[in-house]
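Open the model in your viewer and keep the selection panel at hand. The stops below say what to select next and what is there.

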Amino acid sequence: LGLLDQAERTYRQVLEADGRNGIAMVGLARVALERSDEAGAGTLARRALEIDPENAMAHRMLARMEEVARFREATDEQPSGPRLPAEPPGPIQAPEEPSRPRPGFLRRLLRRS
């Protein structure tokens, strides 16, 4: 909801009370990711897995971050293809007049219904 500061405070309070709370650790990782701190998010997600190796959210977050990293590497390595020159704008044409139904067509159509 965009309440990152409040969420971070809440997750940190939970971790102060219970330093082995994997859910709060993943919550902090999500806050870090929302703040574009991918390295911090990855570190926090890995810590969550150290606490709870079965934490599905941490697994999904790390898998998604690895997928994004692979995609970035692949696109950075790909040479960009030749660019086509921009087409010069053509003449602007007025839209065609919509075709009008033949007289009596609508009446025949309605009689069939």
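Select A48 and show what surrounds it: leaving aside neighbours within four places in sequence, A48 is in contact with G22, M25, V26 and A58, where contact means heavy atoms within 4.5 Å. A48 sits in helix 3; helices here are DSSP runs of H or I, at least four residues long, strands are E runs of at least two, and both are numbered from the N terminus. The relative accessible area of A48 is 0%, so A48 is buried. Buried means under 20% relative accessible area, exposed means over 50%, and partly exposed is in between, with a 1.4 Å probe and protein chains only. Draw a distance from A48 to M25: the two are 23 residues apart along the chain, and their C-alpha atoms are separated by 5.4 Å.

Before going on, note that this is a predicted model, in which local features need pLDDT of at least 70 and side-chain atom pairs count only at pLDDT 80 or more, while totals for chains, interfaces and linings use all residues. Residues are numbered from 1 along each chain as its sequence is written, and side-chain values use heavy atoms, with hydrogens and water left out.

**The whole chain**

Zoom out and colour by secondary structure. The chain has five helices and zero strands, in the order α-α-α-α-α along the sequence. Of its 113 residues, 22% count as buried. Among contacts between residues at least 6 apart in sequence, 40% join residues at least 24 apart.

**Helix 2 against helix 3**

Two packed helices are described by the angle between their axes and the distance between the axes. Select helix 2 and helix 3, which pack at about 170° with their axes 8 Å apart. Helix 2 is therefore roughly antiparallel to helix 3. Axes are lines fitted to C-alpha atoms, for helices over the stretch in contact, and angles run from 0 to 180 degrees between N-to-C directions. Angles under 35 degrees count as roughly parallel, over 145 as roughly antiparallel, 65 to 115 as roughly perpendicular, and the rest as oblique.

Which residues make the contact between helix 2 and helix 3? Show G22, M25, V26, L28, A29, A32 and L33 on helix 2, and E38, G40, A41, L44, A45, R47, A48 and I51 on helix 3. By type, the residues of this contact are 11 nonpolar, two polar and two charged. Ala, Val, Leu, Ile, Met, Phe, Trp, Tyr, Cys and Pro count as nonpolar, Asp, Glu, Lys and Arg as charged, and the others, Gly among them, as polar.

Now select S36, in the loop between helix 2 and helix 3. S36 has a relative accessibility of 63% and so counts as exposed. Its phi is near 65°, a positive value in a residue other than glycine. Most residues other than glycine have a negative phi.

**Helix 1 against helix 2**

Select residues 4–17 (helix 1) and 22–34 (helix 2); their axes come within 9 Å and cross at roughly 155°. That angle is why helix 1 is roughly antiparallel to helix 2. On helix 1 the contact is made by L4, A7, E8, Y11, R12, V14 and L15, and on helix 2 by A24, M25, G27, L28, V31 and E34. These residues divide into nine nonpolar, one polar and three charged.

Pick out L15 on helix 1. L15 is buried, because its relative accessible area is 16%. Not counting residues up to four places away in sequence, L15 touches N21, A24, M25 and L28. From L15 to L28 the C-alpha distance is 9.7 Å, across 13 residues of sequence.

**The core**

Which residues have the most contacts inside the largest nonpolar core? Select M25 and L44; the core has 17 residues. A nonpolar core is a set of buried Ala, Val, Leu, Ile, Met, Phe, Trp, Tyr and Cys residues joined through side-chain atoms within 4.5 Å. Helix 2, helix 3 (38–51) and helix 4 (56–77) are the elements that give two or more residues to this core. Beyond its neighbours within four places in sequence, L44 is in contact with M25, L28, A29 and A32.

**Last stops**

Select E50 in helix 3. With a relative accessible area of 63%, E50 is exposed. Then go to A63 in helix 4; at 40% relative accessibility, A63 counts as partly exposed.
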